[in-house]
Amino acid sequence: MGIFFRGQEKYLNSVEWLSKNSIHLSEPTECTPQEFEFLRHIVKAKRIVWLGENGHNIREHNMMKSKI
């Protein structure tokens, strides 16, 4: 069940959480590698990091992955 089906209060709490815990990135064509520095402490010494699947006809996913 997604956040949209949990009622107005839960939805607003989810939006508030996302606002507090999201990191703004520039558009894929303007994004620089320095914008991904926040990942350094998350990834640390991991050997494998899954960046997720691409959607069809969404080139921005590949653009961002290549910059990471």
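Let's start with confidence. The protein chain has a mean pLDDT of 81, and 82% of its residues reach 70 or more. This is a predicted model, so keep those values in mind. H1 is lowest in the protein chain, at a mean of 78. H2 is highest, at 88. A word of caution goes with that: where pLDDT is low, the predicted coordinates should not be read in detail.

Now the overall layout. How many helices and strands does the protein chain have? Three helices and zero strands. Read from the N terminus on, the elements go α-α-α. H1 covers 8-21 and H2 covers 40-43. H3 covers 59-67.

Next, the surface. The chain has 68 residues, and buried ones make up 9% of them.

What about contacts along the chain? Take those between residues at least 6 apart in sequence. Of these, 47% join residues at least 24 apart.

On to the pockets. What is the volume of the largest pocket? About 260 Å³. Its lining includes Pro 33, Phe 36, Glu 37, Leu 39 and Arg 40. Val 43, Lys 44, Val 49 and Leu 51 also line this pocket. Lys 67 and Ile 68 belong to the lining too. How do the lining residues divide by type? Seven are nonpolar, four are charged, and none is polar.

Is Lys 67 exposed, partly exposed or buried? Lys 67 counts as partly exposed, because its relative accessibility is 26%, which falls between the 20% and 50% cut-offs. Which residues does Lys 67 touch, leaving aside neighbours within four places in sequence? Pro 28, Thr 29, Glu 30, Cys 31, Pro 33 and Phe 36. Look at Pro 33 in particular. Lys 67 and Pro 33 are 34 residues apart in sequence, yet their C-alpha atoms are 5.9 Å apart in space.

Where is Gln 34 found? In the loop between helix H1 and helix H2. Gln 34 is exposed, because its relative accessible area of 57% is over the 50% cut-off.

Back to helix H3, which also holds Lys 65. At 25% relative accessibility, Lys 65 counts as partly exposed. Leave aside its neighbours within four places in sequence. Lys 65 is then in contact with Leu 51, Gly 52, Glu 53 and Asn 54. Asn 54 is 11 residues from Lys 65 along the chain, and their C-alpha atoms are separated by 9.8 Å.

What stands out in its backbone? Lys 44 has a positive phi of about 45°, although it is not a glycine. Lys 44 is also exposed, because its relative accessibility of 64% is over 50%.

Terms used. Residues numbered from 1 in each chain as written. Predicted model: local features only at pLDDT ≥ 70, side-chain atom pairs only at ≥ 80, totals over all residues. Heavy atoms only, no water. 1 Å grid on protein atoms, 1.4 Å probe; cavity = no way out; pocket = protein on both sides within 12 Å on 5 of 7 lines; lining within 4 Å. Points joined across faces, edges and corners; volume = space filled by probe spheres on them. Nonpolar A, V, L, I, M, F, W, Y, C, P; charged D, E, K, R; others polar. Helix = DSSP H or I, 4+ residues; strand = E, 2+ residues; numbered from the N terminus. Buried < 20%, exposed > 50% of the residue type's maximum accessible area, 1.4 Å probe, protein only. Contact = heavy atoms within 4.5 Å. pLDDT = per-residue confidence, 0-100.
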